[in-house]
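Welcome! Let us walk through this structure together, one question at a time.

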Amino acid sequence: MLQLIVAGLTVGSTYALVALGIHIVLRATRVINFAQGEFVILGGLLAFTVVNQLHQNVWVGLLAATVGGFLIGLIYERIVLRPAARISELTVTIATIGTVSVLLYGHAMLWGSLPEPLPAFLPGDSYHLGGVSIQRQSIAILVLLALALAALYAFFERTTFGKAIRAAANDPLGARLVGIDVDRARAISVAISIALAAFAGTIIGPLTLVGGAAGTAITIKGFVGAIVGGLESPVACALGGLLVGVAQKLIEGQFSYGVADPAVYTLLLVMLLLRPRGLLGARAVTRD
Amino acid sequence: MFIDVKRSIAAPVCVATALFAATLSAATASGPITIAAILTTSGPAAPLGESEQNALTMLEHDVNAHGGIGGQPIHFTFQDDENKPDIAAQLATAAVAGGAVAIVCGTRTATAIAVARATAASSTPIVYMTPTAAVWQTRNGVAANVFQANPRDELEASKIVTAARTMLHAHSIGVLHDENEYGTNGARILADEAKRQGVQIVDDESYAGDATDFTPQVEHLKAAKPDVIVIWGATQTPALATRAVRQLGLTVPLIGSSGILSEGYLRVAGSSADGVYSVTSLAFTNPDPAQKRFLKSYRDTFHTRPNAFAAFGWDAGNLIVAGLRASKSPGGLAAAMQAMAPVGGVDGTYHFSATDHNGLTAGTLHVAYARNGVWFTQ
């Protein structure tokens, strides 16, 4: 049981970061970014390039992927989301779906479609505690997740710019009236979201390989996490992602892997029907 | 509304003309004999398909350098099925319509099945390269045009269980297999063989082809306490499974099916692959004369050691070449292949008959083991 929980938390870390990214883009643009999982894959591939082609260590790869993700997020917002937003929210949604295909085939063209291994952040044997084996990489992933969440909390809660971004997301008109550049705030929000995805793709890479076509599945699991936790709260989204990871592994352990995915997607439907604000959500899902 | 008759019939006429021309050119004695090669050269199975493609390219040069087939050169047309059965079927249909005399296919079992179904109504022979005999050994009997260039699952299962029993002194086996046709079929045949040899299967776990975490399966295996774990799968997923088995503290010997015998597996599994066993017909360490020639030619041409999949590709192409030499007419190629004299290949000697479209025997297989990122054979 404990072994499965550790595995669930490790897998769930990616879902947590994806859920958080979905939450940030949703707050800024009022649409779900269906390409979030593809940006996870892109982040892993960026790190792979830095590690394998530029012969840097994996920590430099993580930094480069995160910064690269941020810059790509700025470009994505400027040339895809912002023009689409001038038409309608539906157009933005369709644009994010289109981005999935562009990135999926783009990754294959640039990096090939063969998933590649990434070196471990903490190389060495697993720890064995009371019959539970804990991979060093799992510890690294959970610590990095905690650091990322703490950094995001500090940015959005403690800095003037972070508060301005939140204000722009909550009340764009009011924010404009007090002199906040709402377009810039949205661009930064999207960039942070994509940086988080790239960060997630890199930290999970040593366990899962980077590249391949798993982006959509990651997006869906992250989305389920956001719904389960509560789309309106970043903490709830992150906890929801972790919860989905743990639930998935416990179900796999109790039954079989074939049961886990249908069960997780059923959970999504049940949550939407019975508790659309999520387990921890307190406010309305949509903004007024 | 008016219909532009000229335009509406122009496209079908052009396609029909092109197909007729292609058929004519393939059939004329002056042009090369076209053999379609529908392989998986992208995605996780790419290292397998690329090795097969390399071997077929090498074979084409070799055959043509020695006068071709009765003075006529051969030519393999390579196409990527993207590991998708529907694409493989479409490519096979187009290849038959385009006049290919035969098809080499089946980097993966699912695509081999798709090509076999797409060509069932034609007499065009296909040679596929996975161990699943069920592609030619159907419920309706032997598929007349389908041949297999790979030791079939039954031989592999027999060798694996024998190795587990005699070499590793195992009384029980835990199985971890891919959920796909190859893995499921292999696990079923392995269970039958284990029962025959008096070895107990204490756990049977499966995983999705794109799985990245195996903790639940490994936990079940731990609880079952097998003497040996057999991983039946291909491409890189078994490498991740191997890593998980070792990282989660299971130290029992691992034996993989021949699907793991690639450099890609060793690269991903890293040090966890050290000591892993598998089975192969290509003896890397002590090759027989035919294998020695193949190993040298491949190394000279591509500056790397061939893997088992290259050997499958070489044999598949060679079987068609032997059939063409034995055949009196292109239409009778499948019948000629079935009736031809035994063909010596890198993977053994193929004795085709009306009831056996594989014809290899258990003696062709060797136990392989991984050490420091290299496969060796005993």
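**Where the parts meet**

Q: How many residue pairs are in polar contact between chain A and chain B?
A: A polar contact is a pair of N or O atoms within 3.5 Å; within protein, one must be able to donate a hydrogen and the other to accept it, and residues adjacent in sequence count only if both atoms are side-chain atoms. This is a predicted model, where local features need pLDDT of at least 70, side-chain atom pairs count only at pLDDT 80 or more, and totals for chains, interfaces and linings use all residues. Residues are numbered from 1 along each chain as its sequence is written, chains are lettered from A and ligands numbered from 1 in the order in which they are written, and side-chain values use heavy atoms, with hydrogens and water left out. Between chain A and chain B, with both residues at pLDDT 80 or more, the number of such pairs is six.

Q: Which residue of chain B forms a salt bridge with A:Glu116?
A: A salt bridge here is a side-chain nitrogen of Lys or Arg within 4 Å of a carboxyl oxygen of Asp or Glu. Chain A and chain B share two of them. In one, the closest N and O atoms are 2.6 Å apart, and the partner of A:Glu116 is B:Arg267.

Q: How many salt bridges are there between domain 1 and domain 2 of chain B?
A: Chain B is divided into domain 1 (12-151 + 288-360) and domain 2 (153-280), with bounds from an automatic or database domain assignment. Their centres, taken over C-alpha atoms, are 30 Å apart. Two residue pairs are in polar contact between these domains, but the count of salt bridges is zero.
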